[in-house]
Amino acid sequence: MASKPVADAIATAQSSPDQAAAFESLIKSVKSISSPSSISVDLRAIVDALFGGSISIVALRQLVSDFTTVLKDFNNANLSIEIGKYMLELLANQQSTFHDQAADIRFLIADGHEHNEDNLEAAKILAEIPLDSAQRKVTNEDRAKIWIRIVRNYLEVDDTTTAETYLNKLKNIIYTVSDPALNLHFKLSQARIQDAKRSFLSASQAYHEISFSTAVSEDERLLTLSMAIKCAILAPAGPMRSRALGRLFKDERAANLEEFGILEKMFFDRLLSRDEVDKFAQSLSPHQLATTSDGSTVLAKAVVEHNLLGISRLYSNIGFEALGVLLGLDPEKAEDTTAKMIEQGRLVARIDQIDEIIWFEGGEASGEKGSGRAEVTVGKEMRRWDSNVQGLAEEVENITNTLQTQFPEFVLANLVV
């Protein structure tokens, strides 16, 4: 039951010859005549009186809008959710339509849920807003605002599948939206979804582009640059990642970030130590440390593949067991990792399974599937041996000729023909 001041005000409004004006005055003054302990009951009583009276539909729509504005002014998330849901129930039972008013109430409820960090409920209530109703005109910019809020709320609860569904809707209209803030949020949401789906190279490129936007603060630009570096480091080793690392390494701002040390080592194909990897892991998000299907983490897999590329720069060939020791894997796993990188065109090498040796052929892989297999040409090793012997003989002859020119007496006394 409503408090006495509010109940008396409702009775006065109902007996007034101009109920619309009387209820308008009551709605605007409810904050001053009600108390915090009874405000919820008082607001419900006012809503019941609005819909139970004989106010014209046009005036009632305006009063519902005014009531929603006053409810928002209370700045009370729980109150907005409670009274907002109660109003939606009453609106659903009305013969006349209240599309705009219902949309405003849902926005208010969503604000309350977001304030309480209940992002899933916020996304659900926003998804109930009709965007294709013939009675309510909705521009593409309005659609974009709602869909972006839904995407961001789903991303907060790591539901990337549903978030991507709404992002795909956005893709069909975002090119018609001129608002730079909406376009920026779209790009950022797209990058976050790619990051969550472990499409790290695409995410890195998207984050890097956002880091140049003047629409965000300097701190936020550096944060997105940091995210771009992390995604590039977590990407599968190969020529495409090398290009991404190169772009980030050449960005002058990167030198001031904590990730620059590991970025530099990866760019120059230097081996990473366990301590460096463990320190880097502390800055990653939970999904970036998730376990993959083979039981290893995303980071561990990226580091193993990077170190394998680094080893290929140092060795002409290496045995399975020795490679496993360097990578921290058993010999079979080291062989399997190498084979996959060769097959995917991310490493140029060939595997001798009989002698259990991996031969690194040098050169850059193309990144095309199957292009990493080195051709085993008949007599190739013998020709390489012959070339080395010929080179050694030529060097010996050059030394001899130099000695004959500068020290003829020494050569005459010591040279054995």
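Mentor: Two strands count as paired if DSSP finds at least two bridges between them, and we apply that here to a model that is predicted.

Trainee: How many bridges join E1 to strand E3, and how do the two run?
Mentor: Pairing requires at least two bridges. Strand E3, residues 357-360, runs antiparallel to E1, and Asn-317 stands opposite Trp-359 in E3. The number of bridges that join E1 to E3 is 3, and the direction is antiparallel.

Trainee: Which are the edge strands of the open sheet?
Mentor: The sheet is open and has 3 strands in the order E1-E3-E2, with antiparallel pairing, and its twist averages 20° from one strand to the next. An edge strand pairs on one side only, and this holds for strand E1 (317-319) and strand E2 (349-352). The edge strands are therefore E1 and E2.

Trainee: Which strands does helix H17 touch, and which does helix H18 lie across?
Mentor: Helix H18, residues 331-343, runs at about 140° to E2 and lies across E2 and E3. Helix H17, residues 320-327, packs on the sheet with its direction at about 90° to that of E1, and the strands it touches are E1, E2 and E3.

Trainee: Is H4 roughly parallel or roughly antiparallel to H6?
Mentor: Helix H4 (residues 57-73) and helix H6 (residues 99-115) pack with their axes 10 Å apart and at an angle of about 10°. Angles under 35 degrees count as roughly parallel, so H4 and H6 are roughly parallel.

Trainee: Which residues of H6 are met by residues of H4?
Mentor: The residues of this contact divide into 4 nonpolar, 3 polar and 4 charged. From H4 come Arg-61, Val-64, Ser-65, Thr-68, Leu-71 and Lys-72, and those they meet in H6 are Gln-101, Asp-104, Ile-105, Leu-108 and Asp-111.

Trainee: Within what arc do the buried residues of H14 fall?
Mentor: In helix H14, residues 260-267, the buried residues are Phe-260, Ile-262, Leu-263 and Met-266. They line one face of the helix, because seen down the axis of H14 they fall within an arc of 165°.

Trainee: What covers the buried residues of H14?
Mentor: Just after H14, Asp-269 takes a positive phi of about 55°. The cover of the buried residues includes helices H12 (218-234), H13 (239-249), H15 (274-281) and H16 (298-314).

Trainee: Does Leu-26 count as buried or exposed?
Mentor: Leu-26 is found in helix H2, residues 19-33, and, leaving aside residues up to four places away in sequence, touches Ala-9, Ile-10, Ile-33 and Ile-46. Buried means under 20% relative accessible area; at 3% relative accessibility, Leu-26 therefore counts as buried.

Methods. Residues numbered from 1 in each chain as written. Predicted model: local features only at pLDDT ≥ 70, side-chain atom pairs only at ≥ 80, totals over all residues. Heavy atoms only, no water. Axes fitted to C-alpha atoms, helices over the stretch in contact; angles between N-to-C directions. Helix = DSSP H or I, 4+ residues; strand = E, 2+ residues; numbered from the N terminus. Parallel < 35°, antiparallel > 145°, perpendicular 65-115°, else oblique. Contact = heavy atoms within 4.5 Å. Nonpolar A, V, L, I, M, F, W, Y, C, P; charged D, E, K, R; others polar. Buried < 20%, exposed > 50% of the residue type's maximum accessible area, 1.4 Å probe, protein only. Arc of directions from axis to C-beta.
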